[in-house]
Each structure stands twice: as structure tokens, then as C-alpha cells.
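This report describes one structural model, starting with the contact between its chains and going on to folds, cores and single residues.

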Amino acid sequence: MRVVAAMSGGVDSAVAAARMLDAGHEVVGVHLALSQSAATLRESARGCCTIEDAGDARRVADMLGIPFYVWDMASRFKRDVMEDFVAEYSAGRTPNPCLRCNEKIKFAALLDKAVALGFDAVATGHYAQVVERPDGSRELHRALDPAKDQSYVLGVLTAEQLARSFFPLGDTTKPEIRAEARERGFYVASKPDSHDICFIADGDTRGWLTQRLGEQPGDIVDAVSGDVVGAHSGAYAYTVGQRRGLGLPRHAQDGQPRYVVDVDAASNTVVVGTADLLGVNALTGDHARWCGPAPEGVVAVGAQVRAHGDEVPATAWAEGDHVQVRLESRLRGVAPGQSVVLYGGTRVVGSASISSARLER
Amino acid sequence: MLPSAIAAMAEQMAVTGNASSLHTAGRAARRVVEESRERLARAIGARPSEVVFTSGGTESDNLAIKGALAARREQDPGRHRLVVSAMEHHAVLDCVDHLVAHEGAKVTWVEPDPAGFISPRAVRAAIEEDPDSVALVSVMWANNEVGTIQPVREIADVAHEFGIPVHSDAVQALAHAPLDFAASDLDLMTITAHKAGGPLGVGALVVKRAMPVTPQTHGGGQERQIRSGTLDAPAIRGFAVAVEEAVDGREDESERVLRLRDRLITSALDLGYGITVSGHWEAGDGIRRLSGNAHLLVPGCEGDSLLYLLDAAGVECSTGSACQAGVPQPSHVLLAMGVAEQDARGALRLTLGHTSTEADVDAFLAALPAAVERARRASGIG
């Protein structure tokens with residue numbers, strides 16, 4: 001097959017490209033330029049779109065002897081990922097930009113362009129496994145290495161997208177990938193993993209949002225009494241479940257710490273309460289995407305609500321574009337905007353964007 | 001690289017010797033350097049003493065512009081303005097930008113006409129804004145992207161009316177256009193070896209004897225005190241051999257390459273995809289456009305998609321535009337010529353040389369239709 005290997009400049013995508021080549025595919029390396037103004041070498045090398053990263057990717061492509069191109073998707077990334085990120089926080093929700101990037105950029109714009117140019121598929125360094133069924137359909141499964149499993153951020157992929165996707169690292173652990181990269185002579189073998197959000201280089205999400213949304217002073221209100229107990233400079237900067245950064249002392253009467261239990265964007269209010277108010281067992285998700293046909297009736301699933309969170313047993317049923325999820329045990333700190341990914345064993349069944357999380361008796 | 005240049009260089013690399021030393025080996029190296037200087041000078045219509053060896057085109061351009069500006073300001077602090085064509089190579093553009101941003105220089109950019117020529121009249125107009133403030137005029141001999149050959153002699157005449165010296169980056173013209181430093185009446189001219197089949201990493205700034213240039217690197221005082229640094233005798237020898245051979249064979253080669261170019265362009269225009277040729281082009285004209293340059297605009301395509309598709313079909317070409325962090329940008333040359341940004345993205349530059357054959361042109365023309373159709377489908381995604 002003719003395959004585009006998406007090469008970020010990191011160790012994972014380097015080994016993924018090498019493995020595709022070993023498997024006998026015709027491979028072309030593509031680095032996505034996602035930053036509006038590419039950082040210089042003097043700036044931080046974090047994230048995934050610095051000159052240094054593009055250079056690292058090119059170096060690996062040269063070692064593999066494959067053609068290498070940089071595709072500029074910065075304006076699309078800005079619109080579909082960064083502006084979406086700001087709009088979601090502004091509306092009081094907590095988005096996952098990596099998931100959005102996979103949905104809108106890597107397995108949409110990149111894949112579409114690759115297909116238009118005559119390629120058959122895209123390969124990335126994500127840790128997840130694609131299993132081909134006897135009937136030719138493909139399923140997305142968790143990676144072998146639970147510590148690195150990235151099936152959650154790929155949970156938005158449809159069967160059509162999966163049919164054109166390769167994840168050559170899914171059957172290997174990260175330490176083994178690093179060892180393989182060393183054996184292959186890639187000097188990116190010891191390059192640190194990327195963390196956080198690639199377009200927020202210093203990791204200060206609140207500061208980054210404040211630059212774009214400005215200060216919007218408002219009240220911090222107690223969930224039970226309704227009393228104003230503090231002040232904030234922008235409700236958008238708060239996430240359900242958050243404890244730090246509230247600037248509140250321990251409660252005078254009960255001595256318990258306070259958590260954000262709700263963010264009301266319309267009234268610019270942050271609502272705080274004790275930990276017991278954070279537990280939820282019922283979720284409603286919008287924009288449901290099913291990896292294969294939508295399930296019929298109520299199905300037993302495992303539900304995961306954040307990239308590195310645990311899976312909890314649940315039942316789920318589809319309601320048109322929505323999905324209802326009933327958790328068997330309570331989850332804490334589930335914020336609207338997060339995605340819920342549903343698993344059947346190791347298989348990804350589908351995903352949805354959480355619009356409501358609540359406690360039902 | 002030309003085999004004769006490789007042989008000459010290899011022979012010289014086996015011989016040690018610093019051309020600045022007084023011992024026997026040093027004298028032998030110096031003799032090679034000076035003979036090479038003479039051979040090179042003869043091939044480009046210059047005097048040997050006018051040839052200042054450098055590390056290549058970028059260094060020569062920087063030395064010419066920074067060195068001339070500094071020297072002219074020393075004589076007259078009011079000479080702070082540079083009159084520069086807007087279609088220069090980045091070695092000139094970025095050097096000028098630096099001088100404007102950090103050294104208090106001013107610049108007047110001279111825009112090319114839609115055919116890709118800098119007119120002497122436009123240079124005159126730029127000078128006449130304030131003739132006494134101009135330190136230097138810089139206009140390239142032949143454009144590296146669209147291949148137009150500039151009227152450097154006429155431009156030099158205009159500038160000299162005002163007593164202003166003129167620099168020309170002739171990197172692209174060396175070995176591909178009749179180059180004669182004396183006849184051009186230029187004051188400074190940049191050339192580099194690899195464009196003539198010589199080695200990478202060596203070039204020269206040709207400096208008219210009366211032209212003051214303030215050194216930009218200081219040290220042992222080699223090269224008329226203008227450019228210090230131990231001379232690379234093997235590279236210089238390879239440089240001279242290559243230029244001599246390229247200039248000798250240029251006219252015969254030019255005729256052959258010109259026919260290839262014209263067939264390529266005519267056939268591409270006839271394909272029916274709305275393809276246009278950038279810059280001045282007339283069949284049979286190798287005087288105003290480099291005989292080996294074909295530059296096409298393919299509407300509705302991204303140049304880098306075409307590049308990939310043609311490369312996969314075994315045709316090597318370039319988009320002709322610079323990259324910023326690896327991201328293709330629309331060419332500043334095309335934009336300066338008035339090409340719309342969207343159209344400039346579909347640029348394709350094909351360079352024909354002594355290894356190009358009729359079969360190469362056939363292969364390109366055969367691969368182009370499928371590449372254009374695919375590239376059009378891919379455009380607008382992302």
C-alpha cells in the first residue's frame with residue numbers, strides 16, 4: 001500500500017514509519033506544520049510543531065530513505081482545534097484538543113489530502129490496535145501497553161477512517177519502542193515524551209485562555225448555601241473537579257476542602273462544594289460516533305471519561321445523535337465537554353461529547 | 001560536479017600547503033591559488049586582482065552589501081540608503097532586512113514588471129527620490145526562479161550617472177549567460193562555484209579595483225584585506241577548472257538546452273490545464289531568459305503536491321519558493337511580479353542542464369496531466 005506516515009519528530013512516529021516500511025509498504029513521511037508562527041530553535045522544544053521537531057522528523061525520514069514533506073495545516077488547526085478549545089472553555093466546558101485534532105486534522109484533513117494524492121492510508125505513532133475482522137471490517141482496540149494506551153483520543157474515529165488507518169505500535173510497550181528506536185539508530189530514541197497541550201508551550205492553560213478571553217471577574221458561590229465565598233477573574237478558567245487555584249481557605253465549619261462542582265458560563269459563576277457533590281453516575285453525550293453500527297438497545301460497556309482515567313462498568317444506549325450512559329460506580333469531576341469513550345472489552349464501541357453529568361438515584 | 005573539477009580538486013587535496021605560508025609547500029599552494037584566480041578572472045571578464053574568494057554566494061552577497069554600505073558611510077554618513085530589486089535571492093533580501101532593522105540603513109525596493117524585469121527607469125526613479133542618500137544599488141543578473149536576465153549594464157549606467165556603485169548577484173547567470181564583468185561595468189559581482197559544476201562551499205566576490213569594501217571578517221588579511229581566512233586551495237582550483245570549462249562549452253550547450261526548454265514550455269501550455277509560463281518567455285530567446293529555466297504556474301494546484309506526484313513519477317523539479325520552517329510559502333519573486341498569492345502557490349520550476357535529455361522532457365510531459373488532476377483534488381484540503 002501507499003502510506004503517509006505522519007511524523008511529528010518524536011520517537012513513536014519515527015518507529016511507526018520504520019515499521020510500515022519494514023512491512024513492505026511504500027511510505028512517504030509527512031510532518032504537519034500546525035503552528036501559526038513556527039517557533040525558533042531558541043524557544044522551547046515542547047509541543048509538536050517546532051522547527052526542531054520538523055528537523056528531527058526529516059532526519060529520520062532521510063535515514064529511512066523515504067521522501068519527506070511538510071504539509072501546512074496551521075490555519076485549519078487554528079480553526080478546528082485552537083478556536084474550538086477557546087470556545088468550549090468560554091462556554092464552561094472542558095475540551096480535549098488531542099481528540100479534536102485526531103478527529104479534524106490527522107484523520108480528516110491529513111487523510112483526505114493523502115487519499116486525494118493517491119495514498120491508501122495514514123500511519124501514526126499512536127498506541128492503539130486495529131483488528132481486522134473476517135468480514136474485512138476493522139475494529140479499534142486498546143494498545144497492549146496500558147500505560148500508553150491512546151485509544152481514548154482515537155475514540156472519535158469512524159469505521160471509514162479506521163479502514164485507512166495504521167497504528168503499528170499498538171502491540172508493543174513504550175520501553176520496547178525506545179529500545180527499537182535505539183537499535184535503528186534514531187537519535188530521537190531518548191527524546192522526551194510530549195505532554196500537555198502542544199499549542200500551550202508553557203503548560204499554563206489558564207494564562208493562555210486569559211490572553212484570549214480577557215479578565216472576566218465574577219463570583220465563587222457555595223453550592224449549598226448560595227453564599228458568595230470568593231472571587232475569580234474568569235469562570236472559563238475553571239474545570240469541574242478542580243481544587244487548586246480557587247484561593248479559598250478550608251471551610252470554617254466543616255474543615256473540608258472545596259472543589260469546583262459547576263461552571264455556569266452564562267452568569268460567569270463558579271460553584272464550589274464538598275467532594276461528595278462531585279460524584280456522578282449518569283452521563284448524556286452529544287455527537288455520538290460509533291465505530292461500526294450503533295448498538296441496539298441497552299448494552300454493557302466500560303466507560304472512560306479522560307485520556308488517562310480508569311474505565312468503569314456501565315450500561316449505554318443510543319438515542320439518535322445522543323448516547324445515555326449509566327455508570328455502575330460513581331466518577332468524580334466529570335466536566336461537560338469531556339469525551340466519554342465506550343469500550344466492549346478492549347474494543348472501542350463509540351464516543352460522545354459529554355453534555356450533562358449528574359447523580360441519579 | 002564536472003569530472004575535470006573533481007580530478008583537479010582531488011589532486012590538490014593530496015598536497016598540503018597553506019597559500020599564506022612562505023615555505024615550499026605554501027608557495028606551491030599559493031601558485032595554484034593565483035593561477036586559479038587568473039583562469040577564473042579570464043573566464044568572467046575580470047582582472048585577477050578583482051577576484052576575492054569567499055565561501056560562496058551568500059557570503060559574497062553579504063560582504064558586497066554590508067561592506068559597501070559601511071565603506072560608503074565612512075566616506076559620507078548620509079549614504080545610508082540601499083536601492084535593491086524586490087526579486088533578489090534571500091542572501092540579498094535578508095541581508096538588507098538586517099541592515100534596516102539593526103544598522104540604521106534605509107531601503108527602497110525596486111519592483112519588477114509583470115514579465116520579471118527590473119527596468120533601468122524604475123532604478124532611476126528610486127535613486128532620484130534622494131540621490132545623495134544612496135550607498136549602493138543591487139540587482140541580480142539572472143533570477144533564480146523565473147530565469148529573467150536583467151539589463152545590468154543599463155542599470156549600472158543609470159547608477160553611475162549619480163556616482164553610485166552597483167552590485168549584482170550573478171550566481172544564477174554564471175555558466176548560463178554571457179558573463180563579462182568589465183563589459184557590465186558593475187562594481188561588485190557575486191558568483192559561486194557549484195552553479196558552474198564546481199565544488200560546494202567556495203565562491204567569489206568580484207570587486208572593481210576602485211570600489212571600497214569594508215571587511216566583514218577580520219584576521220590574517222588574506223584577499224586584499226577584504227576577506228580574511230585561510231584559502232581553500234583545492235576548492236579554488238576546482239572552482240576555476242569548472243568555470244573555465246562551463247564558459248567554454250556554454251554556447252553549444254545553451255542552444256541544445258534552449259530547444260529542450262522551449263519544447264517543454266510549449267507542450268505544457270498546450271496541455272489545456274490553463275498552465276502559464278512565469279516571466280518573459282519567447283521561443284528561441286536565451287538572451288533575456290536563462291536557456292535552462294522553465295517556470296510554470298498550474299492553476300488550482302499546490303506546488304508541493306505537484307512536486308510529490310512528479311517526484312513519485314521520477315521527475316525532479318522544485319516549487320521554486322522558499323520554505324519557512326519547512327512550510328512552503330508563495331514566492332516573493334512571483335508576488336513582486338504581481339502574481340496573485342493563490343496562483344503563486346501552484347508554481348513549478350524545472351531546471352534543464354547539461355544532463356537533461358529529450359527523454360526527460362517527454363517523461364515530464366507524460367507525468368504532468370495525472371499529477372495536475374490529482375493535485376487539484378488534494379488542493380484546498382487542510
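Two residues are in contact if their C-beta atoms, placed from the backbone, lie within 7 Å. By that criterion, the buried residues of H9(B) have a cover that includes S3 of chain A, together with strand S11 (327-328), strand S12 (347-351) and helix H12 (358-378) of chain B. The model is a predicted one.

**Helix H9 of chain B**

The buried residues of H9(B) are Gly303(B), Asp304(B), Ser305(B), Leu306(B), Leu307(B), Tyr308(B), Leu309(B) and Leu310(B). Just after H9(B), Gly314(B) has a positive phi of about 85°.

**The side of chain A that touches chain B**

The contact between the chains takes 19 residues from chain A and 15 residues from chain B. On the chain A side, the elements that give two or more residues are strand S2 (26-33), helix H2 (51-64), strand S3 (68-72) and helix H4 (97-116). The largest share, 5 residues, comes from H4(A). By class, this side of chain A has 13 nonpolar, 2 polar and 4 charged residues.

**Chain A as a whole**

Chain A contains 7 helices and 17 strands. A compact globule of 361 residues would have a radius of gyration near 21 Å, and the 22 Å of chain A agrees with this. The C-alpha trace of chain A spans about 65 × 55 × 35 Å along its principal axes. Of the 361 residues in chain A, 44% are buried. Among the contacts in chain A between residues at least 6 apart in sequence, 63% join residues at least 24 apart.

The domain assignment divides chain A as follows.

| Domain of chain A | Residues |
|---|---|
| Domain 1 | 2-190 |
| Domain 2 | 216-273 |
| Domain 3 | 278-358 |

The C-alpha centres of domain 1 and domain 2 of chain A are 38 Å apart. In the contact between these two domains, 5 residues of domain 1 meet 6 residues of domain 2. The domain 1 side of that contact divides into 2 nonpolar, 3 polar and no charged residues.

**The parallel sheet of chain A**

Strands of a sheet pair through backbone hydrogen bonds, either parallel or antiparallel. In chain A, an open sheet of 5 strands has the order S3-S2-S1-S4-S7, with parallel pairing. Its edge strands are S3 and strand S7 (165-166) of chain A, each of which pairs on one side only. Within the sheet, strand S1 (residues 2-6) of chain A pairs with S2(A) in the parallel sense over 5 bridges. Arg2(A) stands opposite Glu26(A) in S2(A).

**Strand S1 of chain B**

An antiparallel pair is found in chain B, where 4 bridges join S1(B) to strand S7 (residues 203-207). The bridge partner of Val51(B) in S7(B) is Val206(B). Val51(B) and Phe53(B) point one way from strand S1 (residues 51-54) of chain B, while Val52(B) and Thr54(B) point the other way; all are buried.

In soluble globular proteins, nonpolar side chains tend to be buried together. The largest nonpolar core here has 139 residues, and those with the most contacts inside it are Ala5(A), Ala14(A) and Ala17(A). H4(A) gives the most to this core, with 8 residues. Leaving aside residues up to four places away in sequence, Ala5(A) touches Ser13(A), Ala16(A), Ala17(A), Met20(A), Val27(A), Gly29(A) and Ala123(A). Apart from this core lies another, of 86 residues, among them Ala29(B), Leu186(B), Ala204(B) and Ala240(B).

**Val11 of chain A**

Val11(A) lies in helix H1 (residues 11-22) of chain A. With 26 other C-beta atoms within 10 Å, Val11(A) is buried, because the cut-off for a buried residue is 20 or more. Beyond residues up to four places away in sequence, Val11(A) touches Ile177(A), Arg178(A), Ala181(A), Phe186(A), Val188(A), Ala189(A) and Lys191(A). Val11(A) and Pro192(A) are 181 residues apart in sequence, yet their C-alpha atoms are 8.5 Å apart in space.

Key. Residues are numbered from 1 along each chain as its sequence is written. Chains are lettered from A and ligands numbered from 1 in the order in which they are written. This is a predicted model: local features need pLDDT of at least 70, side-chain atom pairs count only at pLDDT 80 or more; totals for chains, interfaces and linings use all residues. The radius of gyration is taken over C-alpha atoms; the globule rule is 2.2 Å times the number of residues to the power 0.38. A residue is buried if 20 or more other C-beta atoms lie within 10 Å of its own, exposed if 12 or fewer, and partly exposed in between; C-beta atoms are placed from the backbone. Ala, Val, Leu, Ile, Met, Phe, Trp, Tyr, Cys and Pro count as nonpolar, Asp, Glu, Lys and Arg as charged, and the others, Gly among them, as polar. Domain bounds come from an automatic or database domain assignment. Two strands pair if DSSP finds at least two bridges between them. A nonpolar core is a set of buried Ala, Val, Leu, Ile, Met, Phe, Trp, Tyr and Cys residues joined through C-beta atoms within 7 Å.
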